[in-house]
Each structure stands twice: as structure tokens, then as C-alpha cells.
Amino acid sequence: MRSCILSASLLLGACGAASSQPALPAGTKVDRLLVDKSDRVLIAFAGNREVVRYTGIRFGDAPQGHKQFEGDERTPEGRYTINGRNPKSAYHLSLRISYPNAADRAYAKARGRSPGGDIFIHGQPNAWPGPAIARDWTDGCIALSNAEIKQLWDIVPDGIPITIRP
């Protein structure tokens with residue numbers, strides 16, 4: 001009986017880690033991203049057509065409000081670009097967001113603070129053995145499941161715009 005419960009638990013855990021996203025045609029590329037923090041959704045578009053939608057995304061430990069300073073645990077809001085990628089990140093793949101922009105730097109500088117940086121869309125920590133963490137946990141980044149970030153990694157070229165709405 002105990003081994004049946006353990007087997008069922010392992011099976012359910014494996015199901016939770018699987019991506020619910022449909023497969024996309026080979027060579028699919030998108031030209032912009034939209035993140036809505038209040039709806040916890042990231043949508044990738046090609047032209048005016050929605051290509052894929054990721055729901056239940058996770059943010060920094062303080063998810064409400066625009067990132068202003070290093071260490072505030074907030075996720076930026078506004079218009080940025082995807083300006084790089086790191087296949088050897090401490091998290092399963094990562095796409096760099098161009099935060100801070102000139103306005104972010106000026107705001108922080110006027111207050112004698114650093115705006116911070118290193119904001120990414122990424123997967124789960126590489127050492128994390130379980131399914132996607134089901135709470136806000138980053139230092140201001142946008143977290144997806146590993147399957148979702150792999151799909152996004154494949155369809156997002158560097159240089160595309162990303163809008164992050166409150």
C-alpha cells in the first residue's frame with residue numbers, strides 16, 4: 001500500500017512538471033512580448049497574432065509596483081527589450097530584459113540609490129528538484145516552468161520589445 005501511495009505521488013509530481021503548452025511549428029519566431037502582472041500572464045505575439053500564452057507566471061517577492069531600486073524585490077513595469085540570453089544561468093535558461101532604462105537610472109540616481117539590474121525571464125533554479133515553484137520567489141525577474149522557458153527561448157529573438165504592465 002505504501003509503495004502504491006509513493007508511486008502515485010511521484011506520478012502526480014511528474015505530471016505537474018509537464019508543460020501544458022501546445023507544440024509550436026518548427027521555426028516559429030515572435031516579434032513582441034506582453035507581460036500583465038495583475039493577470040500573471042506572458043503573451044508572445046507575431047504581428048497581431050497571439051502565438052503562445054503562459055499563465056500563472058511568478059515575479060519578485062514584492063510583485064506590486066515598478067522596480068525602483070536594487071534589492072526592492074519588484075519586477076519592472078514599462079517598455080524594454082530582450083537584449084541577451086544566458087544558456088548557463090543559475091536558472092534553467094534566461095532571457096535578459098533591458099532594465100534599467102534611462103528613466104529608471106535617473107530616478108534611482110536622484111535618490112542616491114542604484115536601480116539594480118540583471119532582470120531576466122527564466123526557469124526554475126538549476127538545483128530545484130521539484131515542479132515549478134508556485135509562489136512569487138525571484139529578486140524581480142519573471143519565472144516560468146522549465147518547459148515554458150525552453151519554448152520561449154526557442155521562439156524569442158534578441159532585440160524584440162517586451163511591455164510589462166502593472
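Trp137 counts as buried, at 12% relative accessibility; buried means under 20% relative accessible area, exposed means over 50%, and partly exposed is in between (1.4 Å probe, protein chains only). Tyr91, with a relative accessible area of 30%, is partly exposed. Keep in mind that this is a predicted model, where local features need pLDDT of at least 70, side-chain atom pairs count only at pLDDT 80 or more, and totals for chains, interfaces and linings use all residues. Residues are numbered from 1 along each chain as its sequence is written, and side-chain values use heavy atoms, with hydrogens and water left out.

What do the rings do? Rings of Phe, Tyr and Trp (its six-membered ring) pair if their centres lie within 6.5 Å; planes under 30 degrees apart count as stacked, over 60 as edge-to-face and the rest as tilted. The count by this rule is 3 aromatic pairs. One of them joins Tyr91 and Trp137: it is tilted, with 5.8 Å centre to centre and 45° between the planes. Tyr91 sits in the loop between β4 (78-86) and β5 (94-97), and Trp137 in the loop between β6 (119-122) and β7 (142-143), so the pair ties together parts that are 46 residues apart in sequence. Those labels come from DSSP runs numbered from the N terminus: helices (H or I) have at least four residues, strands (E) at least two.

Charges meet rings here too. A charge sits over a ring if NZ of Lys or CZ of Arg is within 6 Å of the ring centre and within 35 degrees of the ring normal.

| Charged residue | Ring | Distance to ring centre |
|---|---|---|
| Arg32 | Phe45 | 3.9 Å |
| Arg85 | Trp153 | 4.7 Å |

Now for the backbone. Leu93 isn't a glycine, yet its phi is positive, near 60°. Leu93 is in the loop between β4 and β5, and at 12% relative accessibility it counts as buried. Glu73, also not a glycine, has a positive phi of about 65°. Glu73 lies in the loop between β3 (49-55) and β4, and is partly exposed at 22% relative accessibility.

Which peptide bond is cis? The one from Tyr99 to Pro100, with omega near 0°. Pro100 is found in the loop between β5 and α2 (102-110).

Last, a strand pair, which takes at least two DSSP bridges. Strand β2 (residues 41-46) runs antiparallel to β3, joined by 6 bridges, and Leu42 stands opposite Tyr54 in β3. β2 and β3 make a hairpin with 2 residues between them, and Gly47 in the turn has a positive phi of about 65°.
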